[in-house]
Amino acid sequence: MIDAEHYQRVLGDELRRLRRDRGWTRKELNEHLQSEISLQTLATYELGTRQCSVVRLVELCVAMDELPQDLLAKVHQRVFVDEPGRIRVDLRRVIAEAGPELAPLRRWAEGRLQQGRAGNDSAAPAPSRTAAHEVSFDFAALERMAELCGVPTAELVGHLRNLAPA
């Protein structure tokens, strides 16, 4: 079953992230739209408190140079694919915020972002790919990364939960 409220919130998160990734305010996004939308309406879409029609969603995506199917794939990934026992991590946050005890993880994240794709790195865990700057670690990958960092797995999990995508 689909939890419509959760789906709408995740869609709003992705719309907000897309706009912010472009460095735009809601007002600037509105200037790129074909039809005028109130800033309050844009805010309610981003908060997930108002449903967005398919046509309006396509218009928002076109304005932000995003294929609607790519945006919906990200939403689908977050709503339906993230499984219990997996931890999603934003690689950009790992690079910016990971402490010295996680230096191997930071170096791995830097390399992963430079590759621009999932790749097959035999020296590091193989998390599944979500967005280009996000990875999802399963327990085996967490254990291996903890070993590389020289920290207990539970401690690494605690660090990674703080580096989850916003």
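I began with helix α8 (residues 139-149), where the buried residues are A141, L142, M145, A146 and C149. I take buried as under 20% relative accessible area, exposed as over 50% and partly exposed as in between, with a 1.4 Å probe and protein chains only.

Before going on, I noted the ground rules. This is a predicted model, in which local features need pLDDT of at least 70 and side-chain atom pairs count only at pLDDT 80 or more, while totals for chains, interfaces and linings use all residues. Residues are numbered from 1 along each chain as its sequence is written, and side-chain values use heavy atoms, with hydrogens and water left out.

**More on α8**

I turned to the face of α8 that points away from the buried side, and found the exposed residues A140 and E147 there. I then looked up what covers the buried residues of α8; the cover includes β1 (87-90), α7, β3 and α9 (153-161). At the N-terminal end, D138 caps α8, with a side-chain oxygen 3.3 Å from the backbone nitrogen of A140. After α8 comes G150, whose phi is positive, near 70°.

**The chain as a whole**

I counted elements next: the chain has nine helices and three strands. Helices (H or I, at least four residues) and strands (E, at least two) are DSSP runs, numbered from the N terminus. Their order from the N terminus is α-α-α-α-α-β-α-α-β-β-α-α. Of the 166 residues, 43% count as buried. I noted an accessible surface of about 9400 Å², with 51% of it belonging to carbon and sulfur atoms; these areas come from the Shrake-Rupley method with a 1.4 Å probe, and for residues only the protein chains shown count as cover. Taking contacts between residues at least 6 apart in sequence, I found that 59% join residues at least 24 apart. Contact here means heavy atoms within 4.5 Å.

**Aromatic rings**

I looked for ring pairs among Phe, Tyr and Trp (its six-membered ring), with centres within 6.5 Å; planes under 30 degrees apart count as stacked, over 60 as edge-to-face and the rest as tilted. The count is one aromatic pair. The ring centres of W108 and F137 are 5.7 Å apart and their planes stand at 45°, so I logged the pair as tilted. The pair links distant parts of the chain, as W108 is in helix α7 (residues 103-115) and F137 is in strand β3 (residues 134-137), 29 residues apart. Both W108 and F137 are buried.

**Salt bridges**

How many salt bridges does the structure hold? I found 10 salt bridges, each a side-chain nitrogen of Lys or Arg within 4 Å of a carboxyl oxygen of Asp or Glu. One of them joins R17 and E134, with the closest N and O atoms 2.5 Å apart. R17 lies in helix α1 (residues 4-21) and E134 in strand β3, so this pair ties together parts that are 117 residues apart in sequence. R17 and E134 are both buried. I also found a network of salt bridges that links E14, R17, R88 and E134.

I checked R92 as well: it forms a salt bridge with D90, the closest N and O atoms being 3.1 Å apart. R92 is partly exposed at 37% relative accessible area, and D90 is buried at 5%.

**Around E46**

R19 forms a salt bridge with E46, and their closest N and O atoms are 2.5 Å apart. This pair too links distant parts of the chain: R19 is in helix α1 and E46 in helix α3 (residues 39-47), 27 residues apart. Is E46 buried or exposed? E46 counts as buried, at 2% relative accessibility. Its side chain also makes a polar contact of 2.9 Å with the side chain of R26. For a polar contact I need a pair of N or O atoms within 3.5 Å; within protein, one must be able to donate a hydrogen and the other to accept it, and residues adjacent in sequence count only if both atoms are side-chain atoms. Leaving out residues up to four places away in sequence, E46 touches G12, D13, L15, R16, R19 and R26.
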